[in-house]
Amino acid sequence: MTQKIRKATADNAASPPSSLAASVGASIRQLRTAQGLTLADVAARADISQAMLSRVETGAVSPSLETVAALAAALGADLPALFRGMETQASDAQLVRKGEGLEVVRRGTKRGHTYHLLASDRGPRKAFEPFLVTLTDKSEIFPEFQHPGTEFIHMLEGSLRYRHGSENYLLKPGDTLTFSGNVPHGPQTLLRLPIRFLSIIIYHDEPQ
């Protein structure tokens, strides 16, 4: 876990800033100062450098979701608390520009597979999660994912076979697959790389 967070902080150093990163950074700074904690205190707890934490707080970098989760734990806060600052914006719209979505580390994924969160849901409960998924490495064996709600996948580039329960589906650009997230699912065979698709998870009122 420590090595992953250190790797994430190194990667984030070159990430472009975004309005989402600025909002998350402001929330982290507010929580830290409210608790009377120094940069050194929180950085040590989250296992990142003070310089990196300072850049996160000022919105100078877009941290990975794994780094944000480590900071939330260091501050004794739940992850959604760091996104609630966006509620103070004048508009109810969120704009995440190309390449600015928070990179999510999902269980079982390795280098060559990225999941970028395209919006942060506001409020105490998640209603949905939209991801831009990029797959570039044929060698990985994929885990099975399982979660509450309904998932919607829309293919943008490449092709693959996607499994859902005992079925598998050939997906090409323009194809859409919608399914229950409670049934084990995930990529089965990567056919034409690179692969990119939108994945939107709608949670309904199910516990998470």
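Is Phe197 buried or exposed? Select Phe197: at 3% relative accessibility, this residue counts as buried.

First, colour by confidence. This is a predicted model. The protein chain averages a pLDDT of 79, and 73% of the residues score at least 70. Now select residues 1-16. Here pLDDT stays under 50. The model has 30 contacts beyond four places in sequence for this stretch.

Next, select strand S6, residues 176-180. In a regular strand the side chains alternate between the two faces of the sheet. Show the side chains of S6. Leu177 and Phe179 point to one face and are buried.

Pick Glu151: its bridge partner in S6 is Phe179.

Now turn to the rings. The structure holds two aromatic pairs. Select Tyr162 and Phe179: this pair is tilted, with 5.7 Å centre to centre and 35° between the planes. Tyr162 sits in S4 and Phe179 in S6, 17 residues apart. Phe179 counts as buried because its relative accessible area, 5%, is under 20%. Tyr162 is buried too, at 3% relative accessibility.

Stay on Tyr162 and bring back Phe197. Their ring centres lie 6.5 Å apart and their planes meet at 85°, so this pair is edge-to-face. Phe197 belongs to strand S7, residues 185-202, and Tyr162 to S4, so the pair ties together parts 35 residues apart in sequence.

Finally, show Tyr162, Phe179 and Phe197 together: ring pairs link them into a cluster.

How values were computed
Residues numbered from 1 in each chain as written. Predicted model: local features only at pLDDT ≥ 70, side-chain atom pairs only at ≥ 80, totals over all residues. Heavy atoms only, no water. Buried < 20%, exposed > 50% of the residue type's maximum accessible area, 1.4 Å probe, protein only. Helix = DSSP H or I, 4+ residues; strand = E, 2+ residues; numbered from the N terminus. Pairing = 2+ DSSP bridges. pLDDT = per-residue confidence, 0-100. Contact = heavy atoms within 4.5 Å. Phe/Tyr/Trp six-rings, centres within 6.5 Å; stacked < 30°, edge-to-face > 60°.
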